[in-house]
Each structure stands twice: as C-alpha cells, then as structure tokens.
Amino acid sequence: MSDQIRAGGFNILPTVVKNLLIINGLMFLAKIALASKFDLDAIFGLHYFSASDFHPWQIITYMFMHGDFGHLFFNMFALWMFGSAVENVWGPRRFISYYLITGIGAALIHYVIIYFQIQSSLTLMNDFLASPTLDTFSRLSQVSHINTDAIAQNLLALQADPSAVTQFVPQIETFKNSFLNSFNIIGASGSVFGLLLAFGMMFPESEIYVYFLLPLKAKWFVVIYGGLELLYGVFGSADGVAHFAHLGGMLFGFLLIVAWRHHDRNDGWSNSNSRKHRRVKFTSSNDRYDFSGQAMSDEEYNVRKAEREHHLDEILDKISKSGYDSLTQEEKDFLFKYSKR
C-alpha cells in the first residue's frame, strides 16, 4: 500500500469517528454530572462474567467509559489520529464492525487471563463454601487479599469446637462476591490498539511522531508498542492498566483483517467470473450499445465514456493513495470490467 496519506482525498473527521468522539465525550460528562447519585463506571464498566455486578450490555458500554480526562483525551486523540485514515479506506460499516469486535475481543482476552490468575483462589473459596471444615478453612490462607493471621488465629479457636467453622460461611460468601466484583475494566483502549494495528498494516511506511518529535514508521511503532504491552502484561506491571486487553484488541484486529482480505480476494474472484458469463449473455461487446440492446447516439456514447473514464481516474487515484484493498467491491468490479475492454 502507499505510505502517503493526502488530506485532499480524505475526510478529516469521518462519520463514525466523529460520532464515537461525541458519545465518549457525553458519557464522560454524564459520569461527572451524575457522580453524586450513580457510579456509571460500576453500571457500564465490564465486570468479571461470574460477578453479581456483571450485565450483558457491559460488553459494549465499557468501551465508552473512561477513568479521568487524561484517559479520555489520549484514547480519543488516538481514535481520531488512526481511526480517521482507517475509516476513510474501509468506509463506516466495516470500520464500526472492526471497532466493536476488537473492543469485545480485548475484553475477552483480558478476562481469560484474569480467569487463570484467580481460578485457584476461587476454587479454595468454593471448596470451603461447599464443605466448611477446618481443613478447607485453613486453605483459605492461600487466597489473595485474605488476612492470613486472622485465619491462623481462628483456626486455634476452632480446635475446641470444629462445628463453629460454619459461622464463617456468610463472611466468605460476602468476600467472594466483593472479590469478583472488584474486576472492572473501562475505556476504549482495546479498540484503539486494534486501530493502531490496522493503521500499521494498511500504511506501514507512514511516519508517526512519537511524543510529537521522534519519527517512526508505523510498522515499527506497532511492533514496539505491542512488544511493550506484552512485557508489561507478563511481568505484572502494577499500574492498573489492562495490558492484555490491549494485546487482545490487536490480536482480534489482526485476525479480522486477515479474514476480510481472504474473503475479499475470494469474493472478487467469484464475482469477476460470474460477471464474465453475465456479460456474454446480456450485453454486447460493442460499447455503443446499452444494456437493453439499443444503439446509443454519439452524444450518449461520449457522455457515458467520459463518465467511465472519470470514475476510472478516481479509482486509480484511490489505489495510489490507499492501495487496492481500500477499494469497495463495486470499484473492484468496475476495474475488472474495464480491464477486459
């Protein structure tokens, strides 16, 4: 693909990007305005799937919530910076599908990682709740955030009356519920990282200015950023950032782009072949005949020829700016048909 993105051929604020910016901004303002009455992060943020505070709508709504202005600003700046170029190439329908799917994918990857991190603790709590004995109670000392000293002290007290261990069941149930509800992610970062990957794949030679100073080609920017997120995730950075969610957005984005490219190639091939058969049956090889088989006047022929050539120039210009993959199916069909003349 071309590494040149000329502003003249692009809408600087395309429809979907513009509306996403507006929705995210309005949600942030609503969060501030209603803070005294509602915790919108708890309502719309995405909780762990087995938590009592989880609701299905959170899979979508979490993408529109942000922790503070800095969180909102940098996500929205990246959405505009990378999303505008991507939407101009793909169009609104494919762009919004990609944005939502990568956001959902980011959340899934994040909670898959969380599942493996907390599964041992959940198993210990479930074992105790299913069979409250001194043995299962003692194992709770291995659960994250449970006071180990308190467990040891209570074990000593329970030696005289083991049956009294059942009095701790409500406490462990409450703790388990709070523990699960403590996992809550918000923000558009998963989708934004998906857009970053898409931009890097579509415009690999374009330069991105890191901190507005250091030029770096998009393909290397994506590789470096993805590598850093992997390192932060693996080595357990305690910054409160869902690094594996970012990687999830990039992973689902990559898989989606590969699937779309494969589909577009196959669809283009099948459509081209079916068109060739239809042309033999329904049209004449002589350009001076219209689809109904009626001969066109010289004036009609010249007008239609000029329209075709103008449309061809637009398509070739689009290819030079954004590559063949940026064409719509109609444009690919037209190009194939024109090449057969």
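How are helices α1 and α5 oriented to each other? In this predicted model, the two helices, α1 (residues 15-33) and α5 (residues 92-130), pack at an angle of about 40 degrees, and their axes lie 10 Å apart. Angles under 35 degrees count as roughly parallel and those from 65 to 115 degrees as roughly perpendicular; α1 and α5 are therefore oblique to each other. On the side of α1 the contact is made by Val-16, Val-17, Leu-20 and Asn-24, and on the side of α5 by Pro-92, Phe-95, Ile-96 and Tyr-99. Seven of the residues in this contact are nonpolar and one is polar, while none is charged.

The chain as a whole contains 13 helices and four strands. Of its 341 residues, 39% count as buried. Among the contacts in the chain with a separation of 6 or more, 67% are accounted for by residues 24 or more positions apart.

Helix α5 also contains Thr-102. This residue counts as buried, because its relative accessibility is 0% and the cut-off for burial is under 20%. When neighbours within four places in sequence are left aside, Thr-102 is in contact with Gly-190, Ser-191, Gly-194, Gly-249, Phe-252 and Gly-253.

The C-alpha atoms of Leu-46 and Tyr-62 are 5.4 Å apart in space, although the two residues are 16 residues apart in sequence. Not counting residues up to four places away in sequence, Leu-46 touches Phe-54, Gln-58, Ile-59, Tyr-62, Ala-107, Tyr-111, Phe-183, Asn-184 and Ile-185. Among these partners, Phe-54, Tyr-111 and Phe-183 belong to one aromatic cluster, which is formed by Tyr-48, Phe-49, Phe-54, Tyr-111, Phe-175, Phe-179 and Phe-183.

Aromatic pairing was examined across the structure. A pair of aromatic rings is described by the distance of the centres and the angle of the planes. The structure holds 19 aromatic pairs. One of the pairs joins Phe-73 and Phe-74, with 5.3 Å from centre to centre and 80 degrees between the planes, an edge-to-face arrangement. Phe-73 is partly exposed, its relative accessible area being 41%, whereas Phe-74, with a relative accessible area of 58%, is exposed. The pair of Phe-77 and Trp-80 is tilted, with the ring centres 6.0 Å apart and 45 degrees between the planes. Because Phe-77 and Trp-80 stand three residues apart in helix α4 (residues 69-90), about one helical turn separates them. Both members of this pair are partly exposed: the relative accessible area is 28% for Phe-77 and 34% for Trp-80.

An aromatic ring also takes part in an arrangement with a charged side chain. The charged end of Arg-94 sits over the ring of Trp-260, at 4.5 Å from the centre of that ring.

How values were computed
Residues numbered from 1 in each chain as written. Predicted model: local features only at pLDDT ≥ 70, side-chain atom pairs only at ≥ 80, totals over all residues. Heavy atoms only, no water. Axes fitted to C-alpha atoms, helices over the stretch in contact; angles between N-to-C directions. Parallel < 35°, antiparallel > 145°, perpendicular 65-115°, else oblique. Contact = heavy atoms within 4.5 Å. Nonpolar A, V, L, I, M, F, W, Y, C, P; charged D, E, K, R; others polar. Phe/Tyr/Trp six-rings, centres within 6.5 Å; stacked < 30°, edge-to-face > 60°. Buried < 20%, exposed > 50% of the residue type's maximum accessible area, 1.4 Å probe, protein only. Lys NZ or Arg CZ within 6 Å of the ring centre and 35° of its normal.
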